[in-house]
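Please read the following briefing alongside the sequence and the model.

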Amino acid sequence: MPTLVRDLRIAEDDWRLVDEGPAAPGLIAPLDAWRENPDGAGVWLRSDTEVDAVAEEVLAAPVIAIEFPAFADGRGLSMGALLRSRHGYQGELRAFGEVVPDLTEYMHRCGFNAFVMASDRDAEAAIASIGRMSDHYQASVREPVPPFRRSTA
Amino acid sequence: MYQYSNFDQRFIDERVEQFRSQTERYLAGELTDDQFQQLRLRNGLYIQRLAPMLRIAVPYGILSATQLRALARICRDYDKGYGHLSTRQNVQINWPELIDVPDILADLAKVQMHAIQTSGSCIRNITTDQFAGVADDELIDPRPWCEVMRQWSTFHPEFDWLPRKFKIAVNGAESDRAATHVHDIGIHIRPGPSGEPLFDFLVGGGLGRTPAIGARIRDGLPEHHLLTYLEAILRVYNRYGRRDNKYKARIKILVRAMTPEGFREKVDAEWERVKDSPSTLPQAELDRIKACFEPHPYASLEDETDLLAAARLANPAFNNWLSNNVAPHKRPGYAIVTLSTKPTGVPPGDVTDIQMEAVADWSERFGFGEVRISHEQNFILPDVRQRDLETLFRLADEQGLAQANVGLLTNVICCPGGDYCSLANAKSIPVAEAIQSRFDDYDYLHDLGPLDLNISGCMNACGHHHVGHIGILGVDKRGAEFYQVSLGGNQALDASLGKIVGPSFSRAEVPDVIEKILDVYLKSRFEGEEFLHCYRRIGIEPFREQVYADAG
Ligand code: SF4
């Protein structure tokens with residue numbers, strides 16, 4: 001049973017992923033289908049989507065779900081980071097597909113706040129992995145100021 | 001050298017605990033082999049043919065005496081009493097038990113060391129000139145920049161799951177001792193009009209299956225922009241690099257597919273958007289890191305020309321060593337010593353715990369407690385007083401570390417190959433040994449002059465065979481181990497890739513083949529002409545003819 005982690009807690013998933021249209025409120029649909037009925041629907045972005053090209057239109061979606069087609073495929077990390085920091089996306093940014101605990105820490109730092117995990121155990125491990133490291137060297141979506149620009153560094 | 005801040009130490013300690021928890025979850029069956037593989041690889045832990053192998057990071061090849069002693073102890077406690085210096089200036093140990101690895105990492109953390117990102121598809125240990133900071137032909141000391149990039153690339157949120165491993169090399173001297181032309185990114189640092197450091201970027205060089213020389217995509221980047229410009233390159237690679245075929249996943253394939261101009265435009269467009277972001281380096285941070293690399297308190301000495309000349313005459317072995325293994329230092333009265341790990345009969349790069357401790361002692365007695373590892377798999381003592389050279393030579397000789405073969409044929413670069421590595425097509429260490437024992441006459445070697453011979457056990461090219469003047473590559477021919485020989489590779493500023501001579505050879509044939517190649521060179525060369533120049537003048541044909549002459 002997939003388990004949703006949202007904002008660092010296990011949560012009820014009130015969205016359903018569909019692999020074809022029509023899109024509707026409560027459904028997360030592929031980009032083409034979503035474009036036809038965007039109102040109230042979530043959008044599914046594949047990992048080869050040109051984020052900068054579609055950002056403008058998808059910003060209104062309540063959920064953007066980015067697919068991680070394979071464990072260790074980091075393209076979605078760049079997509080998430082750009083949607084949040086470059087384009088200012090404010091809604092739910094969720095990762096689904098091959099999402100395994102420990103990678104969720106990177107996703108979290110790139111601005112994802114929801115993860116579809118394979119099981120409760122993975123969901124708990126994912127939550128535990130986030131924040132195990134108290135700080136990092138770089139700027140990120142969570143910490144836009146790198147340590148060398150903070151007064152306490 | 002760089003000293004950890006509280007931030008660095010806390011980071012590394014937390015990382016050990018994170019890995020401990022991952023290992024425990026794996027041993028408890030909560031992580032699959034595949035999942036754990038990716039996690040352990042980011043900590044330098046491979047499961048090899050015979051046993052696990054742990055690759056310990058030596059950032060840009062610099063170690064303190066204390067760190068080297070800690071490595072010696074780890075080799076004694078967890079390995080069979082020796083370690084292996086790798087071509088990425090790292091140290092590998094071959095027999096650790098998985099269950100011990102978190103403890104080994106904890107021991108390393110106590111001396112400001114780790115194994116982060118020494119394997120896996122991420123930014124690997126950044127390498128540089130093994131003579132950085134002391135070379136007499138240095139323009140800008142590259143070490144502070146290496147440290148800046150080490151920190152930036154450690155668990156980068158966005159760039160730790162790349163299509164493939166990613167290697168950055170930095171050079172700040174007139175000669176290129178860091179092989180920057182065959183790295184994913186090669187950086188040349190040079191002084192601008194008022195002495196400020198400027199960065200030139202080469203992208204898409206590499207060895208492996210499709211060797212390539214890096215394309216120059218930016219000249220003269222000012223220092224504060226280093227990280228944002230890297231971010232732009234890595235973002236383009238992370239998003240567009242191929243992930244469908246691991247042999248086509250390196251950035252060199254992307255650069256070729258987009259053309260260097262196309263790639264540059266994409267990077268420039270991305271950089272426009274991130275330039276001047278908070279990752280721009282503030283002067284205070286640059287100053288903090290540069291302060292760690294202030295010159296040592298050198299004494300004001302004179303060069304010991306007369307003393308050394310007399311010692312050369314009195315001791316021919318010392319004379320040879322001085323000619324090959326001792327390089328000029330920035331400061332008068334000092335010298336840079338290369339301790340060769342390549343006497344015949346020892347796998348290149350293998351060193352025992354006792355040797356490591358001896359080198360650590362010498363670095364304190366004859367220098368400022370600092371040791372380097374070169375990508376040619378040797379130890380370097382960077383600050384030896386010229387008047388101490390003869391004493392050091394005697395001590396090194398007793399430890400088997402004074403082979404006078406640096407830059408010569410027998411200073412073979414060799415990957416672990418089929419003896420240790422599960423990816424190998426063929427063994428490489430026995431080939432290195434056979435060559436070293438065939439050509440062990442010093443006068444002959446010296447007469448041959450500068451010659452790099454590099455051996456890899458498979459296409460992954462960890463032994464850098466493409467850039468050896470003579471390169472040897474293990475290939476699989478209907479299940480048997482064969483060796484392909486190439487000529488004319490070169491890793492220096494005028495970098496070039498070797499050309500294959502022809503059909504491959506059995507292991508037993510290799511020393512004869514090398515001898516025939518050397519014969520052609522010795523017969524064809526002009527007075528004083530080095531192997532590489534001779535090859536470039538006469539081309540591959542004369543070698544080809546000779547090598548296959550009686551293969552009816
Ligand atoms: S070149 Fe091949 S055989 Fe040699 S260490 Fe690398 S992967 Fe292994």
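Predicted model: local features only at pLDDT ≥ 70, side-chain atom pairs only at ≥ 80, totals over all residues.

Residues are numbered from 1 along each chain as its sequence is written, chains are lettered from A and ligands numbered from 1 in the order in which they are written, and side-chain values use heavy atoms, with hydrogens and water left out.

**Chain A**

- Chain A contains 5 helices and 8 strands, where helices (H or I, at least four residues) and strands (E, at least two) are DSSP runs numbered from the N terminus; along the sequence they follow the pattern β-β-β-β-α-β-α-β-α-β-α-β-α.
- Its radius of gyration is 15 Å, close to the 15 Å that the globule rule gives for 153 residues, so chain A is as compact as a globular protein of that length; the radius is taken over C-alpha atoms, and the rule is 2.2 Å times the number of residues to the power 0.38.
- The C-alpha atoms of chain A occupy a box of roughly 50 × 35 × 25 Å along the principal axes.
- Of the 153 residues in chain A, 58% are buried, meaning under 20% relative accessible area, with exposed being over 50% and partly exposed in between (1.4 Å probe, protein chains only).
- Contacts (heavy atoms within 4.5 Å) between residues of chain A at least 6 apart in sequence join residues at least 24 apart in 51% of cases.
- There are 15 positive and 25 negative side chains in chain A, and the centres of the two sets lie 6 Å apart; Lys and Arg count as positive and Asp and Glu as negative, with His and the chain ends not counted, and each charge is placed at NZ of Lys, CZ of Arg, CG of Asp or CD of Glu.

**Chain B**

- Chain B has 18 helices and 21 strands, and its radius of gyration of 23 Å is close to the 24 Å that the globule rule gives for 552 residues, so this chain is as compact as a globular protein of that length.
- Along the principal axes, the C-alpha atoms of chain B fill a box of roughly 60 × 60 × 55 Å, and 62% of the 552 residues are buried.
- Among contacts in chain B between residues at least 6 apart in sequence, those joining residues at least 24 apart make up 69%.
- Chain B carries 61 positive and 76 negative side chains, the centres of the two sets lying 6 Å apart.

**Interface**

- Contacts between the chains involve 46 residues of chain B and 39 residues of chain A.
- The area buried between chain B and chain A is about 3,700 Å², with 56% of it from carbon and sulfur atoms; this is the accessible area (1.4 Å probe) that two parts lose on being put together, summed over both.
- On the chain B side, Pro157(B), Trp161(B) and Arg239(B) lose the most area to chain A, together 21% of what that side buries.

**Backbone geometry**

- Most residues other than glycine have a negative phi, and most peptide bonds are trans.
- Gly21(A) and Pro22(A) are joined by a cis peptide bond with omega of about -5°, and Pro22(A) lies in the loop between β3 (16-17) and β4 (27-30) of chain A.
- Gln117(B), in the loop between α4 (101-110) and β6 (127-128) of chain B, has a positive phi near 60° and counts as buried at 3% relative accessibility.
- Gln377(B) has a positive phi of about 70°, sits in the loop between β14 (370-373) and β15 (379-385) of chain B, and counts as buried at 1% relative accessibility.

**Two individual residues**

- Asp52(A), in helix α2 (residues 51-58) of chain A, is partly exposed at 26% relative accessibility; not counting residues up to four places away in sequence, Asp52(A) touches Leu82(A), Arg86(A), His87(A), Arg239(B), Glu270(B) and Arg273(B).
- Thr127(B), in strand β6 of chain B, is buried at 5% relative accessibility, and the residues it touches, not counting those up to four places away in sequence, include Tyr60(B), Arg88(B), Ile168(B) and His183(B).
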